[in-house]
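Work through the exercises below with the model open. Try each task before reading its solution.

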Amino acid sequence: MTSLRLFALLYSLIAIQVCFSSQLEDNKIPPSLCTGHPGIPGSPGVHGSPGQPGRDGRDGRDAAPGEKGQKGDRGDPGETGMRGLTGDKGYTGEKGERGQPGECAVAPKSAFSVKLSQGQSLPQNVGDAVIFDTILLNEQGDYNTETGRFTCKVPGVYYFAVHATVYRASLQFDLMKNGHAVASYFQFYGNWPKPASLSGGSLLHLVPSDQVWVQVALTEYNGFYSSTKTDSTFTGFLVYSDWKNSAVFA
């Protein structure tokens, strides 16, 4: 055991000597025999240039459709936009075809005016119509000079007026419609030297075949008078009709 230790020690001494001799010659220490301390970190290097673009990736696989989402809340209404500019006037259209001639609507008419002739005899019985025998106007022929009665042909509203000259007797007469007095008028005569007058009128609604006339109310009050200077007249005319089948007649 002692010999072996001596041998090992001797070998170590020889190795150390060789090491120091080499260091003196090259000023180098074998790395296997001497370990140095870590050096100071170097400064960062300069950034490298951008690399080349990478290759396109592979297309992804189609995924299964997702579930339908819930309906969102209604948004607030937007502000009203500004009024747009007026567009250009369009071209004039073509003239249309001429229409068929329409029917000519004629408004209904009814009017008359008559008077007593000079010396015309008056009815002697109450209920008889006064015969105004001189025609001033009777274009539709609605007044009959033989009966003294107006007969309605056009339904509607009529106006009738009586103007009487009163002389030599008092006068009371009625405006009659179908045998009923609708208005009565009276004028007293007091032996005046000149004739007096009595006038009256009324609006009546008539239907076809209605009749209107004037009659003396009392036999002793029959003072209708007519001369070359004064007249007694009976007048009537249609104000508006009741026919509903035409806007013109309504």
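**Exercise 1. Find which strand supplies the largest share of the lining of the largest pocket.**

Solution. The answer is β9, with four residues. Strands are DSSP E runs of at least two residues, helices H or I runs of at least four, numbered from the N terminus. β5 (156-177) and β9 each give at least two lining residues. The pocket's volume is about 190 Å³. Its lining has 13 residues, and Q120, L122, F224, Y225 and S226 are the closest to the centre. By class, six lining residues are nonpolar, six polar and one charged. Here Ala, Val, Leu, Ile, Met, Phe, Trp, Tyr, Cys and Pro count as nonpolar, Asp, Glu, Lys and Arg as charged, the others, Gly among them, as polar. A pocket is an open set of points on a 1 Å grid over the protein atoms alone, where a 1.4 Å probe fits, with protein on both sides within 12 Å along at least five of seven lines; lining residues have an atom within 4 Å of a point. Points are joined across faces, edges and corners, and the volume is the space filled by probe spheres set on them.

The model is predicted: local features need pLDDT of at least 70, side-chain atom pairs count only at pLDDT 80 or more, and totals for chains, interfaces and linings use all residues. Residues are numbered from 1 along each chain as its sequence is written, and side-chain values use heavy atoms, with hydrogens and water left out.

**Exercise 2. Describe the surroundings of T235.**

Solution. T235 lies in strand β10 (residues 233-241). T235 is partly exposed, at 22% relative accessible area. Beyond four places in sequence, T235 touches F112, S113, Y159, F160 and A161. F112 is 123 residues away along the chain, yet the C-alpha atoms are 5.8 Å apart. The side chains of T235 and S113 make a polar contact of 3.0 Å (N or O atoms within 3.5 Å; within protein, one able to donate a hydrogen and the other to accept it, with sequence-adjacent residues counted only if both atoms are side-chain atoms).

Note on methods
Buried < 20%, exposed > 50% of the residue type's maximum accessible area, 1.4 Å probe, protein only. Contact = heavy atoms within 4.5 Å.
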